[in-house]
Amino acid sequence: MNSPAATTARRRICAAVTPSSSLSKIRTKARALFNSLHIRIQPATELLTIINELGGNILRHAGRGEICLEVLTQEGRLGFRIVATDSGPGIADIKKASQPGFSEDNGLGLGLSGITNLSDKVQIDNLLPHGTRVEVIKWLSP
Amino acid sequence: MEPFSTFSLEDILLVSIQEEIDDSSIEHLLHHLGKQVSKNKTRAVIIDMHDVEVMDTFLAEHIEELVSFLHMLRSRVVVAGIQVPVALTLTDFNIRLKNVEFALDVEQALARLR
């Protein structure tokens, strides 16, 4: 159903996430991309919230990283791949981190489970020698 | 420039939050509000969120912290102006903003507080 060959990446934007630039750069670029594609406000809000959440995790746990946003098309439908990477300490228990209520910094502990609710696929990997990569795919309703 | 602004209406304080608010700005806001509330004997604070187009768990956590802080200072708090797409997304994140009173906008919040 979702063969990689049928999924074509068309446009990709990336922005560094740093304490000084915060998330404003990636949010501005993402908004411009959504406007150019005439994405409706609700899915745009959901995508921006996912970006914010991933970016917030980068800033809090790693200090800096990068977020990339790619446009996907598959059999006439539009989607997005969001990839957040950092060189921080990684996530000790990835499975637990995706559950609601779990937080490594005493926050609300809802971030990754909320992202999962809003997305079609979430892949979390610890990187070597250290760091985290989170990939989120969200397909939009026609 | 701080990503928030405050405005006094007699014994009610209106706080407007901009989307870019971060951990350190919230600290400044808490200190600023603490001084204003005790100096002006503020009985209620309206937190206006109509400029916030994206609300994640971090901002939700900050808002809960702000509300809790103001409750400790015996101020009633009303959160106003949460946009519909933001509210829908918060529901998907299972964020409930506990112990928070809501109003559609600042006008409704003021009517409720008078």
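Here's a quick briefing on chain A, its interface with chain B, and one histidine in chain B. This is a predicted model, where local features need pLDDT of at least 70, side-chain atom pairs count only at pLDDT 80 or more, and totals for chains, interfaces and linings use all residues. Residues are numbered from 1 along each chain as its sequence is written, chains are lettered from A in the order in which they are written, and side-chain values use heavy atoms, with hydrogens and water left out.

**Chain A**
- Chain A has 4 helices and 5 strands, taken as DSSP runs (H or I, at least four residues, for helices; E, at least two, for strands) numbered from the N terminus.
- Along the sequence, the pattern reads β-α-α-β-β-α-α-β-β.
- Of its 142 residues, 47% are buried, meaning under 20% relative accessible area (1.4 Å probe, protein chains only).

**Where A meets B**
- 22 residues of chain A are in contact with 22 of chain B, with contact meaning heavy atoms within 4.5 Å.
- The rule finds 2 salt bridges across this interface (a side-chain nitrogen of Lys or Arg within 4 Å of a carboxyl oxygen of Asp or Glu).
- Glu61(B) and Arg60(A) pair their side chains in a salt bridge, at 3.4 Å, N to O.
- On chain A's side, helices H1 (24–36), H2 (41–61) and H4 (111–118) each give two or more residues, and H2(A) gives the most, with 11.

**His62(B)**
- His62(B) sits in helix H2 (residues 57–72) of chain B.
- His62(B) counts as buried because its relative accessibility is 5%.
- Leaving out residues up to four places away in sequence, His62(B) touches Arg60(A), Asp22(B), Asp23(B) and Ile26(B).

Conventions. Buried < 20%, exposed > 50% of the residue type's maximum accessible area, 1.4 Å probe, protein only.
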